[in-house]
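Please look at the structure first.

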Amino acid sequence: LNQMTEWLNEARRTHQNLNKKDAVEFNVFRYITADENGLSRILADLLDVRGVHGQQAHFLSTFLDLIGKSLWDATSCRFVECEQQTDALGTKRRIDIVVQGERWTLGIENKPSAADQPNQVLDYLHELRKRHSVLNETVLIYLGPEGSKPTPFSIDEHQCDAALQSGELVLLSYQRLVVWLEGLCKNDDIPYRLRVFLFDLQRFISVN
């Protein structure tokens, strides 16, 4: 026990010195609202090719690679919108993020912690099916902590499996989102101040 106490004290001193030198405990997301809506706004801003990040289509292009849509032309992105109201079924629901390309539509349902609402994912799929055509491919991303399926409360299990099989629905975990962010952090072509922001974001997600 004496030896362990000595090790722990040394570890604390090492951590304190490291924190003094590199501020390893500092994270900008401690000072902003990073709930579900806040995270949606951040992700939407990163995916916006006209965003203030100035990286044009780079973030969106790598995100499309992440979800298996690398053939979609990121440069054709027309707009990115949060809380876009649906109208297919008159339910007045709002999709967390919609990214509209010239010939594709990407919807993202962001579920870091909130519970599913009745028929929520099913309604979003109906909305995107209404927009689907020969010239407009659509997909709904269900973004959750571990990439699990929506609950049967949100979409019947058989309908969910069919949507996954057809590619209309894609499951994405925050763990994979962290890997995406880590890859961006290692890209020296991205401005340093942006990489610091992305590093804090992926660390915040990992911890929380």
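This is a predicted model: local features need pLDDT of at least 70, side-chain atom pairs count only at pLDDT 80 or more; totals for chains, interfaces and linings use all residues.

Residues are numbered from 1 along each chain as its sequence is written, and side-chain values use heavy atoms, leaving out hydrogens and water.

**Sheet**
- Five strands make an open, mixed sheet in the order S1-S2-S3-S4-S5. Strands (E, at least two residues) and helices (H or I, at least four) are DSSP runs, numbered from the N terminus.
- Strand S1 (79–85) and strand S5 (169–173) are the edges, each pairing on one side only. Pairing takes at least two DSSP bridges between two strands.
- S2 (residues 94–100) and S3 (residues 104–110) pair in the antiparallel sense over four bridges.
- Val98 stands opposite Gly107 in S3.

**Helices on the sheet**
- Helix H3 (residues 58–66) lies across S2, S3 and S5, at about 80° to S3. Axes are lines fitted to C-alpha atoms, for helices over the stretch in contact, and angles run from 0 to 180 degrees between N-to-C directions.
- Helix H6 (residues 174–185) packs on the sheet and touches S3, strand S4 (137–144) and S5. Contact means heavy atoms within 4.5 Å.

**H2 and H6**
- The axes of H2 (residues 36–47) and H6 come within 14 Å and cross at roughly 45°.
- Leu39, Leu43, Leu46 and Leu47 of H2 meet Tyr174, Trp180 and Leu181 of H6.
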